[in-house]
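Dear colleague,

Please find the structure below, handed over for your records. My findings follow directly after it.

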2 protein chains.
Amino acid sequence: MRHRSVTYSTARHSEATFQALADPTRRAVLDLLRRGAQPAGQIASAFPVSRPAISKHLRLLRRAHLVREHREGRHRVYQLNPEPLRAVDSWIEQYRQFWTASLNNLKSFVEAEYAREQEADSRKHK
Amino acid sequence: MRHRSVTYSTARHSEATFQALADPTRRAVLDLLRRGAQPAGQIASAFPVSRPAISKHLRLLRRAHLVREHREGRHRVYQLNPEPLRAVDSWIEQYRQFWTASLNNLKSFVEAEYAREQEADSRKHK
DNA sequence: AACTCCTGTAACGATATGGTTACGCATTAT
DNA sequence: ATAATGCGTAACCATATCGTTACAGGAGTT
């Protein structure tokens with residue numbers, strides 16, 4: 001029988017953002033845009049893939065709201081929008097406490113937790 | 001002519017980690033393990049997919065070093081290892097300044113940056 | 001008006017991803 | 001010894017992903 005874990009819903013948040021960050025080229029595009037807004041072609045020239053490939057990455061980043069685009073003459077200037085990264089940041093935040101604790105402490109804590117749960121479970125088995 | 005952007009190399013770091021986090025089920029598994037170590041079957045029972053599917057997710061998480069596994073009787077207990085998340089955190093860190101600044105300030109900053117670059121570039125065009 | 005520049009989209013192909021069922025192998029229970 | 005439990009892997013399938021080349025269309029240039 002399945003539980004449909006409660007934790008699932010929290011992980012569903014910011015799906016598009018995590019998805020967008022999965023690709024190294026897209027992360028590099030964001031890194032590039034930190035230095036300032038640029039037109040699409042100039043962005044593409046910084047990478048070893050074709051311009052249409054970058055165009056598709058930009059579309060994905062646009063749909064994840066990680067970049068904003070506006071026309072300027074015949075250029076399309078792309079600008080970083082870091083807002084969605086806040087969600088990623090707050091997800092990570094929940095893990096920060098784990099690496100501030102020493103690994104030894106973590107290990108014993110986790111093992112104790114499991115031992116406790118196992119004991120609570122032991123009634124269901126024989 | 002291609003530049004092979006310098007920023008690329010920084011984005012290549014922690015490739016496996018970003019990859020692992022791209023899937024909502026895997027993020028939910030990590031969220032679940034924050035509450036304590038658990039055997040594989042118990043993890044699987046929290047999700048609406050088959051046990052082998054979870055087994056494959058766990059393998060990927062193992063290879064990304066986001067979880068550790070050890071045998072305990074006939075169970076295989078999985079334990080969170082948040083260490084690789086530090087790399088993600090420090091990547092995000094570089095963006096934190098952008099959302100602490102007001103969006104208006106950011107906008108003008110970025111636009112000024114682009115204007116400056118465009119001017120520097122204008123000698124190459126006609 | 002004709003031409004060039006900049007960029008998005010379409011169509012296609014190779015590979016990756018995420019799911020399923022069937023199976024094998026240890027470990028514990030009977 | 002035999003059966004049952006727990007879990008990883010293999011084989012397979014559908015769809016997604018990321019790249020390419022060819023093409024189209026709007027904005028400046030001549």
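In this predicted model, a backbone N or O atom of A:Ala40 lies 3.2 Å from a phosphate oxygen of DNA strand C. At A:Gly41, a polar backbone atom is 2.7 Å from a phosphate oxygen of DNA strand C. A base is contacted as well: an N or O atom in the side chain of A:Arg51 lies 3.0 Å from a base oxygen of DNA strand C.

Of the atoms of DNA strand C that come within 4 Å of the protein, 64% belong to sugar and phosphate. By class, the residues of this surface comprise 9 charged, 7 polar and 7 nonpolar. At least two residues each come from helix H4 (40-44), helix H5 (51-63) and strand S3 (75-80) of chain A, and from helix H5 (51-63) of chain B.

I also examined H5(A) by itself. Its 13 residues reach 18 Å from the first C-alpha to the last, close to the 18 Å expected at 1.5 Å a residue. The buried residues of H5(A) are A:Ile54, A:His57, A:Leu58 and A:Leu61. Viewed down the helix axis, these buried residues fall within an arc of 100°, so they line one face of H5(A). They pack against helix H2 (15-21), helix H3 (24-33), H4, strand S2 (67-72) and S3 of chain A. The exposed residues A:Lys56 and A:Arg63 sit on the face turned away from the buried side of H5(A). After H5(A) comes A:His65, with a positive phi near 60°.

Yours sincerely

Notes
Residues are numbered from 1 along each chain as its sequence is written. Chains are lettered from A and ligands numbered from 1 in the order in which they are written. This is a predicted model: local features need pLDDT of at least 70, side-chain atom pairs count only at pLDDT 80 or more; totals for chains, interfaces and linings use all residues. Side-chain values use heavy atoms; hydrogens and water are left out. A residue is near a molecule or strand if one of its heavy atoms lies within 4 Å of it. A polar contact is a pair of N or O atoms within 3.5 Å; within protein, one must be able to donate a hydrogen and the other to accept it, and residues adjacent in sequence count only if both atoms are side-chain atoms. Helices (H or I, at least four residues) and strands (E, at least two) are DSSP runs, numbered from the N terminus. Ala, Val, Leu, Ile, Met, Phe, Trp, Tyr, Cys and Pro count as nonpolar, Asp, Glu, Lys and Arg as charged, and the others, Gly among them, as polar. The expected span of a helix is 1.5 Å times one less than its number of residues. Buried means under 20% relative accessible area, exposed over 50%, partly exposed in between (1.4 Å probe, protein chains only). The arc is that of the directions from the helix axis to the C-beta atoms. Contact means heavy atoms within 4.5 Å.
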